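Take a look at the structure below.

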Amino acid sequence: MFVYEKKLQFPVKIRNTNPRLASIIISQYGGPDGELGASMRYLSQRFSMPYAELKGVLTDIGTEELGHLEMVGSIIHQLTRKLSDSQIKTAGFEQYFVDHTAGVYPTAASGFPWSAGSIGVKGDPMADLVEDMAAEQKARVTYDNILRLSDDPDVNEVIKFLREREVVHFQRFGEAVEILRSRLNEKNVYFMNPAIDS
Amino acid sequence: MERVSNSAQQNAPATQGCTDAQGKLPSCAPLANPYVPYQSERPDAYNPAKGIVRGTMYPGLDLPFMGMVNQSELSNTLMHQIQSLSFATTELGLYLDTHADDDEALDLFNRYRELYGELMAEYEAKRGPLTMQQAGANGSYDWVNDPWPWEYKANDKEG
């Protein structure tokens, strides 16, 4: 089960509201490569993962992603505090505001609501771990792009932290593949699916 | 239970000659397989205060975008110390998931975990519960008290 800790993994303290930035960063809350998808992907893949270390990696990274989801939600919340009437009419934010006001809703910046279609649970350890490596790369690029689009230092401190976590997670998933390989047929790792054949 | 991480690492040649930012790869490897170099045991590590602002405890994995790095450390509040130690244990835990035989990392993990527990207890005695399990320990049910973590003032106060 999960127990809530009443603290953020990394502090989010954003002095200036900025609805334009909120309407971009929302993609890491509910977009195709965002933190909601990341946590659901890893925490769901666990169930068919046959090896102890790999159950651990998926559980621990998936849990950390829930903490990142909370951090991204905190960024959106603080960027949209006490908006003035003119700020509400900011280009790019109006379309979000009309449906969600200053609520935090899992959607891509494009307006496409969060979809399980953007995650994969194949039920084959190699396929799932390689999906996870790609997912970390895509999230890393989204954070790169946010850094290109944002000039708010309070926001960027948090984004740089989150981006670096993607790099570390990529490394751990890569090592997870090596651990998986050590359990499989040396000459042909695709001989069978260890999640259902043994 | 068999320790797989060790045998996984033994598939690769020794790391002599690798820097801290490099890892092990087999010299001959089966085709149509994905490979990421395996991080060597006993890697250099930042202290928790530096690790949290860099987003990793490991200099070898610290790969920023266009040189954009967080330079200044968090102020030395009790909450920031808790966050730094919590981050350090999370990061070391992930490392240990794939490096279960690295005793040095395990010692460090245990040291930070212990310190984290002490600071959590100090914070909860002074300022209120960080988990629901601790609610009421100070004589009243203060779990729901503001501020909650996503609010500006929770991150602004000198804790």
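In which helix of chain A is the place of A:Phe170? A:Phe170 sits in helix α8, residues 153-183 of chain A. Bear in mind that this is a predicted model.

A:Phe170 is partly exposed, and its relative accessible area is 21%. Setting aside neighbours within four places in sequence, A:Phe170 is in contact with A:Met133, A:Glu136, A:Gln137 and B:Val36. A:Gln137 lies 33 residues away along the chain, yet the two C-alpha atoms are separated by 7.2 Å.

**The interface**

In total, 64 residues of chain B are in contact with 55 residues of chain A.

Several elements of chain B each supply at least two residues to the side that touches chain A: α1 (4-10), β2 (38-39), α2 (48-54), α3 (78-98), α4 (103-127) and α5 (152-156). Helix α3(B) gives the most, with twelve residues. By kind, this side of chain B divides into 37 nonpolar, 18 polar and nine charged residues.

Two salt bridges also span the interface of chain B and chain A. A:Lys13 and B:Asp156 meet in a salt bridge at 3.3 Å, N to O.

**Chain B as a whole**

Chain B has five helices and two strands. Along the sequence they follow the pattern α-β-β-α-α-α-α. Of the 159 residues in chain B, 46% are buried. Chain B exposes about 8,300 Å², with carbon and sulfur atoms supplying 50% of it.

**A covered helix in chain A**

Helix α3 of chain A, residues 35-45, is mostly covered, with nine of its eleven residues buried. Among them are A:Leu36, A:Tyr42 and A:Leu43. The cover over these buried residues includes α2 (27-30), α4 (52-79), α7 (125-149) and α8 of chain A.

**Salt bridges**

Over all chains the count comes to 14 salt bridges.

| Pair | Distance |
|---|---|
| A:Asp154 and A:Arg15 | 2.7 Å |
| A:Glu175 and A:Arg172 | 2.8 Å |
| B:Glu104 and B:Arg42 | 3.1 Å |

Take the pair of A:Asp154 and A:Arg15. The pair links distant parts of the chain: A:Asp154 is in helix α8, A:Arg15 is in the segment before α1 (19-25), and 139 residues separate them. A:Asp154 is buried at 11% relative accessible area, whereas A:Arg15 is exposed at 55%.

A:Glu175 and A:Arg172 are both in helix α8 of chain A; because they are three residues apart, about one helical turn separates them. A:Glu175 is buried, with 0% relative accessible area. A:Arg172 is buried as well, at 1%.

In chain B, B:Glu104 and B:Arg42 form a salt bridge. B:Glu104 is in helix α4, B:Arg42 is in the loop between β2 and α2, and they are 62 residues apart. B:Glu104 is partly exposed at 38%, while B:Arg42 is exposed at 53%. Finally, shared partners join A:Glu64, A:Arg165 and B:Glu91 into one network of salt bridges.

Methods
Residues are numbered from 1 along each chain as its sequence is written. Chains are lettered from A and ligands numbered from 1 in the order in which they are written. This is a predicted model: local features need pLDDT of at least 70, side-chain atom pairs count only at pLDDT 80 or more; totals for chains, interfaces and linings use all residues. Side-chain values use heavy atoms; hydrogens and water are left out. Contact means heavy atoms within 4.5 Å. A salt bridge is a side-chain nitrogen of Lys or Arg within 4 Å of a carboxyl oxygen of Asp or Glu. Helices (H or I, at least four residues) and strands (E, at least two) are DSSP runs, numbered from the N terminus. Ala, Val, Leu, Ile, Met, Phe, Trp, Tyr, Cys and Pro count as nonpolar, Asp, Glu, Lys and Arg as charged, and the others, Gly among them, as polar. Buried means under 20% relative accessible area, exposed over 50%, partly exposed in between (1.4 Å probe, protein chains only). Accessible areas come from the Shrake-Rupley method with a 1.4 Å probe; for residues, only the protein chains shown count as cover.
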